[in-house]
Amino acid sequence: MNMKKALASAMAAVCMSGAGILPSAPSAMADDYLGVSLKPKSYFVKAGDYLDIDVVVNGGGKDHEIGGMQVKMRTLSTEKPELVAIASYHEMVGNVDTAESAFTVKPEVSGDTVVTYQYKIPDDAKAGTNYSFDINNGFTYACDADGNDIPLTLLDDMIIVSVVDKDAEIQKDITLHQTKATYSLNEDRTFDVDIVIGGRDVGTVAGFQFKLDVPEGLECLGLAKNTTEKGTELIFNPETLEIATAKQDGESAGFTENEKVAAVKFRVPDDFEDGEYTIGISDAYTSDTYGTLSSVASNSASKLVVATDQPISGKLGDADLNGVVDAKDASKVLTEYALLSTGAEGTFIAQQKANGDVNFDGKIDAKDASRILAYYSYLSTGGSDIMEEWVKTN
């Protein structure tokens with residue numbers, strides 16, 4: 001059967017109208033469109049590799065139930081890799097010669113990958129060669145189950161994939177980082193280290209592994225849960241603080257930007273020395289659907305502040321716990337207030353809360369910062385009263 005006719009036939013079964021043109025979404029329809037984007041399994045390949053590029057759809061301000069769709073991929077670069085396969089979980093016909101595909105879509109899976117194009121990178125491809133891909137907007141089209149046109153717009157529709165040296169370690173744009181810059185202790189002297197994943201290539205991740213670097217002497221209480229938010233099983237070694245997914249290859253784990261993938265609970269022993277400590281991530285790697293390991297582009301270090309609660313006499317206003325009251329304390333209080341005002345979790349430990357609440361209203365806010373600044377001005381002009389005494393008359 002002629003593939004062009006097969007495509008037309010497949011689309012006709014679900015899309016009773018429409019010219020197969022991809023219209024730009026006008027401003028009046030800004031909340032009523034279907035976005036189409038390309039997500040490669042990797043932005044870096046080696047000679048002889050296979051490259052998978054997913055065509056992903058997602059709704060604008062409205063959930064669309066797609067009935068059918070047709071897509072045409074274009075290779076824009078002068079040198080073109082060979083298109084070897086087109087695959088979909090939906091009922092589909094495709095033509096590797098023209099890079100055209102047409103398929104019906106089950107409504108419950110709209111907003112996901114609808115079709116995957118697989119290319120073979122030439123065996124003699126030179127390092128530094130770039131391949132560009134986009135979607136042909138004169139062919140791509142979608143409709144609902146009743147044949148009504150669905151407005152489309154292109155989102156990240158052009159991608160560039162680069163060839164690296166055979167011996168090079170592929171560096172993908174993936175990060176594993178902590179959600180907090182500073183940890184404060186709960187009343188039971190515990191705190192949680194939450195790890196999130198992100199980066200442009202996060203969708204290519206099938207598995208990950210990393211190690212937490214914490215100060216010696218902390219008590220590890222284990223994982224908050226033994227799976228990621230997506231339900232992928234975690235392997236955890238409490239002795240070495242190494243965390244990995246149970247499977248290092250296979251299908252994409254489906255991670256999204258800034259998704260929490262692990263949480264480890266620690267307790268600071270009662271005899272732990274006060275001070276500031278560093279908690280970091282090291283030996284971080286991810287694997288893609290081919291099982292290829294890639295080092296993570298950037299890690300992060302966070303601060304753990306351990307300060308034994310003491311009577312607040314002589315400490316009121318000292319929000320940064322350095323023993324003096326100055327403008328830095330007012331800035332510290334304002335920063336904490338900004339966090340709390342946005343609904344975020346604060347970073348102050350119990351002692352900082354006690355020191356920072358200088359008007360004793362049970363809150364950390366701009367009023368406290370203002371009074372700390374006023375007290376600092378008093379000290380700067382020769383005042384000598386501790387803040388507990390100063391606040392009684394000011």
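## A guided reading of the predicted model

Of the 394 residues in the protein chain, 45% count as buried, where buried means under 20% relative accessible area, exposed means over 50%, and partly exposed lies in between (1.4 Å probe, protein chains only). This is a predicted model, in which local features need pLDDT of at least 70 and side-chain atom pairs count only at pLDDT 80 or more, whereas totals for chains, interfaces and linings use all residues. Residues are numbered from 1 along each chain as its sequence is written, and side-chain values use heavy atoms, with hydrogens and water left out.

The protein chain contains five helices and 23 strands; helices (H or I, at least four residues) and strands (E, at least two) are DSSP runs, numbered from the N terminus. With contact taken to mean heavy atoms within 4.5 Å, residues 24 or more positions apart account for 74% of the contacts in the protein chain that have a separation of 6 or more.

The interior may be considered next. A nonpolar core is a set of buried Ala, Val, Leu, Ile, Met, Phe, Trp, Tyr and Cys residues joined through side-chain atoms within 4.5 Å. The largest such core has 34 residues, and those that touch the most other members are Ile53, Val55, Met69, Met73, Tyr117 and Phe133. At least two residues of this core come from each of strands S1 (34-40), S3 (50-59), S4 (66-75), S5 (82-87), S8 (113-120), S9 (130-135) and S12 (159-163). The surroundings of valine 55 illustrate the packing: leaving aside residues up to four places away in sequence, valine 55 touches residues including Val36, Leu38, Val71, Met73, Val115 and Tyr117. A second, separate core comprises 33 residues, among them Phe236, Val261, Val268 and Leu304.

Charged side chains also pair with one another. A salt bridge is a side-chain nitrogen of Lys or Arg within 4 Å of a carboxyl oxygen of Asp or Glu, and ten are found in a search of the whole structure. One of them joins the side chains of arginine 74 and aspartate 134, at 3.0 Å from N to O. This pair links distant parts of the chain, as arginine 74 belongs to strand S4 and aspartate 134 to strand S9, 60 residues apart. Arginine 74 is partly exposed, at 32% relative accessibility, while aspartate 134 is buried, with a relative accessible area of 8%.

Another salt bridge connects aspartate 270 with arginine 267, the closest N and O atoms lying 3.1 Å apart. Here aspartate 270 is exposed, with a relative accessible area of 58%, and arginine 267 is partly exposed at 23%. Lysine 392 and glutamate 389 form a further salt bridge of 3.3 Å, N to O; lysine 392 is exposed at 62%, and glutamate 389 is partly exposed at 39%. Salt bridges with shared partners unite Arg189, Glu219, Arg267 and Asp270 in one network.

Asp329, Ala330, Val333 and Glu336 are the buried residues of H2. They cover an arc of only 125° around the axis, so they lie on the same side of H2; the arc is that of the directions from the helix axis to the C-beta atoms. An α-helix has 3.6 residues a turn, so residues three or four places apart point the same way. The buried residues of H2 pack against H3 and H4. At the N-terminal end, aspartate 326 caps H2, with a side-chain oxygen 3.0 Å from the backbone nitrogen of lysine 328. Glycine 343, which follows H2, has a positive phi near 85°.

Helix H4 (residues 366-380) has 15 residues and reaches 21 Å from its first C-alpha to its last, close to the 21 Å expected. Its buried residues include Asp368, Ala369, Ile372 and Tyr375. The buried residues of H4 fall within an arc of 125° when seen down the axis, and therefore line one face of the helix. Lys367 and Ser380, on the other side of H4, are exposed. The buried residues of H4 pack against helices H2 (327-341), H3 (350-356) and H5 (387-390). At the start of H4, a side-chain oxygen of aspartate 365 comes to within 3.1 Å of the backbone nitrogen of lysine 367. Just after H4, glycine 382 adopts a positive phi of about 105°.

Notes: The expected span of a helix is 1.5 Å times one less than its number of residues. A polar contact is a pair of N or O atoms within 3.5 Å; within protein, one must be able to donate a hydrogen and the other to accept it, and residues adjacent in sequence count only if both atoms are side-chain atoms.
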